[in-house]
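Trainee: Hi! Could you walk me through this one? I have some questions ready.

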Amino acid sequence: MNRRLLLDWLAVLAVAVVLSVVLELLSVPSATLFAGLVAGLGRALLVAGPPVPPKQGMTVAQAVVGVSIGALVSLSTLETIAADWLPVLAVTVGTLLLSVLAGRLMALQRGVSRVTGAFAMIAGGASGITVMARELGADARMVAVLQYLRVLLIVVTMPVVAAVAFGASGSGTVPVDAGPGVWAGLLFTLVSAGVGYPLARLLRLPVAALLGPMLVAATLDLTGLSRDASVPALLEAAAFLVIGLQVGLSFTRDSLRVVGRALPLALLLIVALVVASAGLGLVLSATADVSPLTAYLATTPGGLYAVLATATGSGADATVVLAVQVLRLFVMLLTAPLLSRWLRRGG
């Protein structure tokens, strides 16, 4: 790496890190990914010839994100779902169908393919979907912007809806379980990624760097072998930063104009998707043994940690909320490759 390229990278990374700190202080969801996207976008548009992130760095970042998602699974999550499995499954499938419908409508916008439209509108798993987008044939730039537009809208409106419609009070904080420590978390991450990625490649799974580590991490959690370990926070933040930079640096002025033209339709569809998901919450409340507030938070399409914070401080059943949200997250990520293949074949 020559001196000029090194200085270029250092400057972009410095801006991204400062933005991350600012966005974390403002409680913006996925702050490091968003900061990397903005820093990369600024560099790509202001100066010609932006640096290209090394492919190996992206593979490692995808694996870390996969392990982070896999670590959300636990036996208690499955036990919670098992009590009302049919309505929970019905609501999850309903959310997926709503996402596909919104994606098809999004694809009516000039410059947006069916795969891009679908991935941009998938309700839940914004970080994972953003990671998968490029490899599965979608425009990762459009997907990232619209996914996080939805997350930001949810984070802003959810506490108001919870308070006005359901009488919730306080936003609360997500309980933090320290687990067995940073070194155990690092070992958990290395084992999940080191076993999951080669195994997924061997089995020819799509998006092997994400799905392989995710499935191995979930297996270790369910069998108790992980001892509740999780990805160290700093490593997870670095992975999201790399992914954000990769997406941001790939922007051009033309692609930014396409995204800008798509925003009015996208915002309309996002609002419709959020309202329809609230309707599914009413269905869940009527068919399962959960309160209307719990059902609303469980079916909110995105913003997992903000949803959990609201649930813990408002009297909702946070265990049910987490279980339904995690199930939907896994369904969305595991069906995304099939959805992409179907749409590219003219589905």
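This is a predicted model: local features need pLDDT of at least 70, side-chain atom pairs count only at pLDDT 80 or more; totals for chains, interfaces and linings use all residues.

Trainee: Great. At what angle do α2 and α11 pack?

Mentor: Helix α2 (residues 31-46) and α11 pack at about 30 degrees, and their axes are 6 Å apart. Axes here are lines fitted to C-alpha atoms, for helices over the stretch in contact, with angles running from 0 to 180 degrees between N-to-C directions. Helices (H or I, at least four residues) are DSSP runs, numbered from the N terminus.

Trainee: So are α2 and α11 roughly parallel or roughly antiparallel?

Mentor: α2 and α11 are roughly parallel to each other. Angles under 35 degrees count as roughly parallel, over 145 as roughly antiparallel, 65 to 115 as roughly perpendicular and the rest as oblique. The crossing of α2 and α11 is right-handed; that is the word if the near helix is turned clockwise from the far one by less than a right angle, and left-handed if anticlockwise.

Trainee: Which residues make that contact?

Mentor: On the α2 side they include Leu-33, Gly-36, Leu-37 and Arg-43, and on the α11 side Phe-240, Leu-241, Gly-244 and Val-247 are among them. Contact means heavy atoms within 4.5 Å. The residues of the contact of α2 with α11 divide into 12 nonpolar, five polar and one charged. For those classes, Ala, Val, Leu, Ile, Met, Phe, Trp, Tyr, Cys and Pro count as nonpolar, Asp, Glu, Lys and Arg as charged, and the others, Gly among them, as polar.

Trainee: Okay, next pair. How far apart are the axes of α8 and α14?

Mentor: The axes of helix α8 (residues 140-166) and helix α14 (residues 304-314) are 10 Å apart, at an angle of about 20 degrees. α8 and α14 are therefore roughly parallel to each other, and their crossing is right-handed.

Trainee: And which residues meet there?

Mentor: From α8 there are Val-155, Met-158 and Ala-162, which meet Ala-306, Val-307 and Thr-310 in α14. The residues of the contact of α8 with α14 divide into five nonpolar, one polar and no charged.

Trainee: Switching topic: how many aromatic pairs does the structure hold?

Mentor: The structure holds one aromatic pair. The rings of Phe-166 and Tyr-296 have centres 5.2 Å apart and planes at 25 degrees, so the pair is stacked. Rings of Phe, Tyr and Trp (its six-membered ring) pair if their centres lie within 6.5 Å; planes under 30 degrees apart count as stacked, over 60 as edge-to-face and the rest as tilted.

Trainee: Where do the two partners lie?

Mentor: Phe-166 lies in helix α8 and Tyr-296 in helix α13 (residues 292-299), so the pair ties together parts that are 130 residues apart in sequence. Phe-166 is partly exposed, with a relative accessible area of 29%, whereas Tyr-296 is buried, at 9%. Buried means under 20% relative accessible area, exposed over 50%, partly exposed in between (1.4 Å probe, protein chains only).

Trainee: What about Asp-8, buried or exposed?

Mentor: Asp-8 counts as buried, at 17% relative accessibility. Asp-8 is found in helix α1 (residues 3-25). Leaving aside its neighbours within four places in sequence, Asp-8 is in contact with Arg-43 and Pro-51.

Trainee: And where is Gln-109?

Mentor: Gln-109 is in the loop between α5 (85-106) and α6 (114-121). Gln-109 is buried, with a relative accessible area of 16%. Its contacts, leaving aside neighbours within four places in sequence, are Arg-261, Ala-262 and Leu-265.

Trainee: Last topic, backbone angles. What is phi of Val-207?

Mentor: Phi of Val-207 is near 50 degrees, a positive value in a residue other than glycine. Most residues other than glycine have a negative phi. Val-207 lies in the loop between α9 (182-202) and α10 (208-222), and counts as buried at 0% relative accessibility.

Trainee: What about phi of Arg-227?

Mentor: Phi of Arg-227 is near 55 degrees, again a positive value in a residue other than glycine. Arg-227 sits in the loop between α10 and α11 (233-249) and is exposed, with a relative accessible area of 66%.

Definitions and conventions: Residues are numbered from 1 along each chain as its sequence is written. Side-chain values use heavy atoms; hydrogens and water are left out. Helices (H or I, at least four residues) and strands (E, at least two) are DSSP runs, numbered from the N terminus.
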